[in-house]
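Me: I have a model open and want to go through its side chains. Can you take my questions one by one?

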Amino acid sequence: MKCSIGVISGDGIGPEIVREARKVLNAVAAKYGHDFEYTDLLLGGASIDAHGVPLTEETIKKAKACDAVLMGSIGGDPKTSPWYQLEPSKRPEAGLLGIRKALNLFANLRPAYLYEELRSACPLRGDISAAGFDMIIIRELTGGLYFGARRTEEVDGVRTATDTLSYNENEIRRIARRAFDIALKRKKKVCSVDKANVLDSSRLWRKVVEETAKDYPEVALSHMYVDNCAMQLVMNPAQFDVILTENMFGDILSDEASMVAGSIGMLASASLNDTKFGLYEPSHGSAPDIAGQNKANPLATILSAAMMLRYSFDLDKEAEAVETAVRQVLKDGYRTGDIMSDGCAYADTERMGTLVAERI
């Protein structure tokens, strides 16, 4: 199979972790007879340095011509980077929001799985972590508060900022359908998270999700307020299968889920549109404090590449091979610094990528 993959190495540790993901993808191609072609793309701080803006029309055009995009990380240290002296619309993260909108990447998928080998890294109480968990958070990605109208102005002599949270029923229905479709391939449970006791947008969200659920009689639907969900993720994460939620709530809850999994360095993500196209990236940031030091954990990026194989290319066997290789490396006792525990062997970024590639 021939696949065209756009590659956004990005900023900070991005180039290091993407390099290892490509190493693993090349091992997959060699074993299973595929041809992966890579196109390098600029986004974020790297694009600002080259073009003065975080996202160019050229990057959008080239990304659309690819079958999928693999990305590292975007952004730098807001305290020291000159990128953050620019107005907000020209900072690295604006490029990330822009490409999501330009590519219509409305569905963000973030699996959170507690590996048996990493239970000692889980910050939860032993009896809770012993139960394990395997969930996926489906987050609406191109609407809501992050994309609503905003302004800062002076009102009656008082500085006032306004951000608008807006959803229409079509935006809600399409992300709900994606969640129910994924639930059909899992444990057939969807927990829709909102704040319907306070927000009109959440009340519409709940109503449309309930309407959509009628088309999926095999899937059990439940509702949970976002504050309760945040508590339940640390009290009993094993109860969840598919969590469906809006943009800001999903941003926060998926980061919480990543930490109860032991390290955000283990969490992959996919952002999908209505076709097979997707943008795949680790859930963590650019970690500028360790950039260039060969310390970063590349496993989230490698697992994101596995999601790309599964969701964009329908290469389920190959995706499983990558996921199995990651589990085997962990079983063999290798750890990067963020997941290190007693009795394990340290592996730097490059070594960890090589270990996974060798087990494909």
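Me: Start with Lys101. Which ring does Lys101 lie over?
Reply: Lys101 lies over the face of Phe147, at 4.9 Å from the ring centre. A charge counts as over a ring if NZ of Lys or CZ of Arg is within 6 Å of the ring centre and within 35 degrees of the ring normal. Before we go on: this is a predicted model, where local features need pLDDT of at least 70, side-chain atom pairs count only at pLDDT 80 or more, and totals for chains, interfaces and linings use all residues. Residues are numbered from 1 along each chain as its sequence is written, and side-chain values use heavy atoms, with hydrogens and water left out.

Me: OK. What about Arg22, where does its charged end sit?
Reply: Over the ring of Tyr38. The distance to the ring centre is 4.1 Å.

Me: Now rings with rings. How many aromatic pairs are there in the whole structure?
Reply: Four. One of them is Tyr167 with Trp205, an edge-to-face pair with 5.6 Å centre to centre and 70° between the planes. Rings of Phe, Tyr and Trp (its six-membered ring) pair if their centres lie within 6.5 Å; planes under 30 degrees apart are stacked, over 60 edge-to-face, the rest tilted.

Me: Where do Tyr167 and Trp205 lie?
Reply: Tyr167 is in the loop between strand 7 (158-163) and helix 6 (169-184), and Trp205 is in helix 7 (residues 200-213). The two parts are 38 residues apart in sequence, so the pair ties them together. Helices (H or I, at least four residues) and strands (E, at least two) are DSSP runs, numbered from the N terminus.

Me: Is Trp205 buried or exposed?
Reply: Trp205 is buried, at 2% relative accessibility. Tyr167 is buried too, at 9%. Buried means under 20% relative accessible area, exposed over 50%, partly exposed in between (1.4 Å probe, protein chains only).

Me: Then Phe180 and Tyr216. Why is that pair called stacked?
Reply: Because the planes are at 15°, with the ring centres 5.1 Å apart. Phe180 is in helix 6, and Tyr216 is in the loop between helix 7 and strand 9 (220-225). That links parts of the chain 36 residues apart. Phe180 is buried at 0%, and Tyr216 is buried at 10%.

Me: Switching to charges. How many salt bridges does the structure hold?
Reply: 25. A salt bridge is a side-chain nitrogen of Lys or Arg within 4 Å of a carboxyl oxygen of Asp or Glu.

Me: Take Lys62. Which residue is its partner?
Reply: Glu58, with the closest N and O atoms 3.1 Å apart. Both lie in helix 3 (residues 57-64), four residues apart, about one turn of the helix. Lys62 is partly exposed at 35%, and Glu58 is partly exposed at 44%.

Me: Asp127 and Arg125: buried or exposed?
Reply: Both are exposed. Their side chains meet in a salt bridge, 2.8 Å from N to O.

Me: Which residues are linked in a network of salt bridges?
Reply: Arg19, Glu20 and Lys23.

Me: Last topic, backbone. What is the phi of Asn104?
Reply: Positive, about 55°, although Asn104 is not a glycine. Asn104 is in the loop between helix 4 (92-102) and strand 4 (107-113). Asn104 is partly exposed, at 29% relative accessibility.

Me: And Asn294, where does that lie?
Reply: In the loop between strand 12 (278-282) and helix 10. Phi of Asn294 is also positive, near 60°.
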